[in-house]
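User: I would like to check the words used for this model. Can we go through them one at a time?

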Amino acid sequence: MHLRYHMMRIARRRAAWAILAAAFAAPVAFAQTAYYRHVVFDNSAQLKLYWHSGAVSTMPSMLENIDYRLPVESKIFRTPPNALRVAWESKPNGSWDAEIHVANFPNRYPELSGRQLYFWIYSPEPIAAADLPNLMLSDARDSLQVATFPGSFTETVALAKYIGADLPANRWTQVRIPMLELKSASVYSFHPERLQNVILMQGRADGKRHVLIVDDVRVDDDAQLAAAPVLAAPENVEAKGYDRHVVLTWQAQEPEGFDHFVIYRALDGETFEPIGIQLPGTHRYSDFIGRANAKAKYKIASADAANRVSAPSAVVSAATREMNDDELLTMLQEAAFHYYWEAAAPNSGMAFENLPGDDRIVAMGASGFGVMAVLVGVERHFITRDQGRERLEKIVSFLEKAPKYHGAWSHYMNDATGETMPLFGMLDNGGDIIETSFMIQGLLTARQYFNGTDAREQALHQRISKLWEGVEWNWYRDKPDSAFLYWHWSPQWSYQIHHPLIGFNESLIAYLLAIGSPTHSVPASMYYSGWASQSARALEYRAGWSGSPDGNHYKNEKTYYDIKLDVGVGSGGPLFFTHYSFLGFDPHLIQDKYTNSYFDNNRNIALINRAWCMDNPKHYQGYGADAWGLTASFGPNGYTTPAPDKANDEGTITLTGALASFPYTPEASMAAFKHYYRDLGAELWGIYGPRDNYNPTLHWVSSHYMGLNQAPIVVMVENYRSGLLWKTFMSNPEATAALKKLDEATRAESQK
Ligand code: CA
């Protein structure tokens, strides 16, 4: 017993140290897993309705809703900037239910931590205890279908039971529900840690209209909420004004019991109002004011889980100002760069797959793109050259130690240990040649960028060469004479996933690097037998991608909206096909038997994508000449790959689509950028710049960012402005060698 107590104390002290160390480390990086093990709802990213909610009523009862979701209340809240609005009339023979769902972003830990459910309610009118709604909890998204096994829901209880009195007007009241006391009313037992759904529903049919504002729904333990830690005000607060927004940065300790930061703003110079919160580990905040020439003062406080705040920081001020196009592009690059800089994983320096997400999981491809974003950061003076090199050294050290599968890395790895994380299931525990290609593309660019005479730059150059030369590209053919490269190989499962790399998609870079490898190359003829294959397997594969026979022979040659497409599946596919392989590899220089210029072909894919959005045959809201770009992201239907065709256009615009197309369509990309930022920035602009996507038809706005989508913006905007990454990558002799071999293969192919 004594020993165990001792061990627990040590563990607690270590945890406190780790938190303290993280608080002092700069740049701070943290993906907030711990925060989301408690928080069910804090604020809505959508300003009109809350996406992760449900609101349904049956006549003659009524529940206020927007498209069957709860409206957002932005005047009365506990944590700024908003809360949820539950407004109802309960009548005999009617019913209503208002549901607040746990927001399940990708890799969210599927468990909440704590025995009590807390939330706060507020009403502008007093409500008699008997007229308060009923409540039910559920660990599944219930509707009239067989619940997801073993999903369940609790008995119905009166909310009044947890308040014990009539609800007074104009005062926040806390509701505390011991979840273990609630019996299951379903065929399975109820597990509070799996809570998915907090449901308020019709109680006594008093026929009157009532309004409850609900905020700060969380699962926790009493001791945690009662602890009242002593919190210090953030220090060294700085504010910098941009075109329509202000960025705040600060330093702060995050002792045990700290939960979030609260940001206050005064637009008139004296009346401070709370405008937002920031989560643990992130010491930056982006305040979108929405107009130029606004002067604002700010202060910041630390808060605990009950939203009790510390003394405020010193006051700082900034002003917005109209920026020219060049300044706007630098602003865009800098914001998105921070995803890979200050929000990078603390041990490896690599990038997370998505934010918020899982603190452990770093992603290879996103990190490879991030390497190039770091180079832009140096070039644009967001960081110093030494800082950029040091970050590269950290990443390279991690990659040197991480498990390699014939020289290739896995898709996902553990930031702390480097271990492979088989996120896509048991077969995914080996090398991923596509993700490895994206990393090698980044590393080879970095190798040429840090080419000074400085001994440290030279050492980095050599270490990168060793990693690149260690990749056994030729191993990723399942047989020595295989026509294709294969995506995966695992020491346990061999080539069981057996996914051949067939163009047109994002896999071109794998063939080009494999052909150019000085140590483990594949014959350049694989460009034609694999990427541009004419085999039956390839025809079927391409049609499967696009749902159309167009381009199933790799060459397409059809015209869409008067724009000719030499090569490409369907009407071009998602725009990431024109970004990922071309962050470093200059598409101006790639030509083959079927197209004279990959640059022109990529530009045409972007133009077709835009023309489709302007035509908008599926009649979605918000599309237009300045709102276009269908490509992969995590949208309202999960991770999908929207493309300009009827089957794949779901009304979701992914911001990186138009923004990473800057080199191809500078004017149309600039129009989209200004629309996303100046017109829609209140919802679409955050601390890492453009949010992942939005769907105006559904009132959906993504509340997160993806590592695969932010860096292509930074990099392709730079390629548009200066050609930096293209020039730097193409200065690799291996890139030139690959092109030369490709030309020879093209000549041989053309003579067939
Ligand atoms: Ca709130």
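**Words and cut-offs**

User: Why does Asn-43 count as buried?
Analyst: Asn-43 has 15% relative accessibility. Buried means under 20% relative accessible area, exposed over 50%, and partly exposed in between (1.4 Å probe, protein chains only). So Asn-43 counts as buried at 15%. Keep in mind that this is a predicted model: local features need pLDDT of at least 70, side-chain atom pairs count only at pLDDT 80 or more, and totals for chains, interfaces and linings use all residues. Residues are numbered from 1 along each chain as its sequence is written, and side-chain values use heavy atoms, with hydrogens and water left out.

User: What makes an atom a donor of the calcium ion, and which atoms coordinate the ion?
Analyst: A donor is an N, O or S atom within 2.8 Å of the metal (3.2 Å for Na, K and Ca); water is not among the atoms, so sites may look incomplete. The calcium ion is coordinated at 2.3 to 2.5 Å by Asp-42 (O), Asn-43 (OD1), Thr-79 (O), Thr-79 (OG1), Asn-82 (O), Asp-215 (OD) and Asp-215 (OD). Along the chain, these donors follow the spacing D-N-x35-T-x2-N-x132-D. Asn-43 and Asp-215 link distant parts of the chain, 172 residues apart. Asn-43 sits in the loop between β1 (39-41) and β2 (53-58), Asp-215 in strand β12 (residues 209-220). Helices (H or I, at least four residues) and strands (E, at least two) are DSSP runs, numbered from the N terminus.

User: Why is Asp-215 called buried?
Analyst: The relative accessible area of Asp-215 is 0%, so Asp-215 is buried.

User: How do you know whether Thr-79 is buried or exposed?
Analyst: Thr-79 has a relative accessible area of 2%, so Thr-79 is buried. Thr-79 lies in the loop between β4 (72-73) and β5 (83-89). A polar atom of its side chain lies 3.3 Å from the backbone oxygen of Asp-42. Leaving aside neighbours within four places in sequence, Thr-79 is in contact (heavy atoms within 4.5 Å) with residues including Asp-42, Asn-43, Asp-215 and His-260.

User: Why do β13 and β17 stand at the edges?
Analyst: The open sheet has 3 strands in the order β13-β14-β17, with antiparallel pairing. β13 (235-241) and β17 (284-288) each have a single partner strand, so one side of each is left without a neighbour in the sheet.

User: How many bridges join β14 to β17?
Analyst: Two strands pair if DSSP finds at least two bridges between them. Strand β14 (residues 245-251) is joined to β17 by 5 bridges, so the two strands pair. They run antiparallel. Leu-248 stands opposite Tyr-285 in β17.

User: What makes the link between His-245 and Trp-685 a polar contact?
Analyst: A polar contact is a pair of N or O atoms within 3.5 Å; within protein, one must be able to donate a hydrogen and the other to accept it, and residues adjacent in sequence count only if both atoms are side-chain atoms. The side chains of His-245 and Trp-685 make such a contact at 3.2 Å. His-245 is found in strand β14. With a relative accessible area of 2%, His-245 is buried.

User: Why is Arg-456 called partly exposed?
Analyst: Its relative accessible area is 42%, so Arg-456 is partly exposed. Arg-456 is found in helix α7 (residues 455-470). Not counting residues up to four places away in sequence, Arg-456 touches Asp-386, Arg-389 and Glu-393.
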